[in-house]
Amino acid sequence: MAALIAENFRFLSLFFKSKDVMIFNGLVALGTVGSEELFSVVAFNCPCSPARNYIYGLAAIGVPALALFLIGVIWNNHTWNLVAECHKRGTKNFSAAATFLLFGSIMGRAAVAPVTWSVISLLRGEAYICALSEFVRPSSLDKFPAEHGAEVLARFPCKDVPANLTKFRDEVTRRLRYESQLFGWLLIGIVAVLVFLTKCLKHCCSPLSYRQEAYWAQYRSNEDKLFRRTAEVHSRILAAKNVKHFFGFVALDKEEKELVQEFPVEGVQPSPQWNAITGVYIYRENKGFPLYSRLHKWAKGVEGNGPSPEGHEMLFLAS
C-alpha cells in the first residue's frame, strides 16, 4: 500500500515538468490576452435587449474559452500519446489515480488559454456588464423611476438611455464592473495558489534529483529534435527512391542529392517498432539505470514491466 501511494504521489510531478512548459504557457497566455483585446474592439457588441444580453454576455466569455480549451487539448502531445496508449496497450500499466492525474495534466495544460481569456474578460467587465445589467434590482437604486424596468436596464451597456437615467447607468456600470473585476482577481488568486501547491508537490514527490531531471528534460528535447529531423530526411530519401523507381529518374536539387548519397535508406521500420516508441511514457528504471523515453527503452531492448522494483515504472510522466 505504501509503495502504491508513493507511486501515485510521484505521478503528481507531471503537471509542471520543465521551464520550457512554463515559457510555453506564458506565450499562450500573452497570445490569449492579445486575442481577447482584439475581440473586444472588433467583435463584441452587446445587443442591449432583455434576455439577449445574458446569453450574449455569457457566450462572449464561455464560447471562446471552450474553443481555446479544445484547441489546447488537441495540440497537447499527451492527448494523442494517451489515445495511442489506450488503442495499443490499454491502461493496464496505469492505476486509477495515475490515469486520473494524466487526464489532469492534459486538462491543466489546455486550461491556460481559456483561464487567461476568462480573467481578461472579467477584468475588462464589458461582457459581465452586458450579461447582468438587466438583473439589477431597481429597488437597490436610490430614487430610480418606478415606470422603468428591465428593458431600460438592459440598454445601460449601450448608453442608450434617457438623460435623467444617466446617473443610474453610471452607478449600475460601476457596480457590475466592480463585481466582474472582483471575480477576475479571485480567479487569478485561486489559479496562483493551485500552481504554487502543484509545484511544491511536484518537487517533493519527484523520484529524480534536480540535476537528473534537468538532464532528462534536455535529453527529451534533443531526442525529439533529432528524431523529427532524421524522420524528415529519411522520408525524403525514401520518397526519392520510390519516385525514381516509378519514373526511372528523380529530380533532386544539390542538397537532396547529397542526402541520398550520404544516407542510404534500405527500407522502412515495421509497425511493431513504431508502436513500441509511441504512447505515454512513464519514467522507468531498469536495474538502477534510467530509461528516459520509449525510444530509449526500445533501444535497450526492455520489454514490459518487470516484477522486481528495478524494473518497475515509476509514475513520473515525460512531456
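**Surface patches, core and salt bridges of the predicted model**

Lys 241 lies in helix α10, which spans residues 210-247. Helices here are DSSP runs of H or I of at least four residues, strands are runs of E of at least two, and both are numbered from the N terminus. The model is predicted: local features need pLDDT of at least 70, side-chain atom pairs count only at pLDDT 80 or more, and totals for chains, interfaces and linings use all residues. Residues are numbered from 1 along each chain as its sequence is written, and side-chain values use heavy atoms, with hydrogens and water left out.

Lys 241 has a relative accessible area of 38% and is therefore partly exposed. Buried means under 20% relative accessible area, exposed means over 50%, and partly exposed lies in between (1.4 Å probe, protein chains only). The C-alpha atom of Lys 241 is 8.6 Å from that of Val 265. Along the chain, these two residues are 24 apart.

A salt bridge is a side-chain nitrogen of Lys or Arg within 4 Å of a carboxyl oxygen of Asp or Glu. The structure holds six of them. One joins Arg 236 to Glu 232, at 2.5 Å from N to O. These residues are four apart in helix α10, so about one helical turn separates them. Both are partly exposed, Arg 236 at 30% and Glu 232 at 36%. Arg 236 forms a salt bridge with Glu 256 as well, with the closest N and O atoms 3.9 Å apart. Arg 236 lies in helix α10 and Glu 256 in helix α11, so this pair ties together parts that are 20 residues apart in sequence. Through shared partners, Glu 232, Arg 236 and Glu 256 form one network. Another salt bridge links Glu 126 and Arg 124, at 3.6 Å from N to O. Glu 126 is partly exposed at 31%, and so is Arg 124 at 24%.

Helix α11 covers residues 254-262 and includes Glu 262. Glu 262 is exposed, at 53%. Together with Asp 253, Glu 255 and Glu 258, Glu 262 forms a negative surface patch. Patches are made of residues with over 30% relative accessible area and no salt bridge; like charges are joined within 9 Å, and nonpolar side chains (Val, Leu, Ile, Met, Phe, Trp, Tyr) within 5 Å. Asp and Glu count as negative, Lys and Arg as positive, while His and the chain ends are not counted. A charge is placed at NZ of Lys, CZ of Arg, CG of Asp or CD of Glu.

A nonpolar surface patch consists of Ile 71, Ile 74, Trp 75, Trp 80 and Val 83. Their accessible area together is about 570 Å², from the Shrake-Rupley method with a 1.4 Å probe and only the protein chains shown as cover. Helices α3 (52-75) and α4 (77-88) each give two or more residues to this patch. Helix α3 gives the most, with three. Trp 80 lies in α4 and is partly exposed at 47%.

In soluble globular proteins, nonpolar side chains tend to be buried together. A nonpolar core is a set of buried Ala, Val, Leu, Ile, Met, Phe, Trp, Tyr and Cys residues joined through side-chain atoms within 4.5 Å. The largest such core has 21 residues, and Phe 144, Phe 156 and Val 172 have the most contacts inside it. Helices α3, α7 (126-132), α8 (150-153) and α9 (166-205) each give two or more residues to this core. The largest share, four residues, comes from α7.
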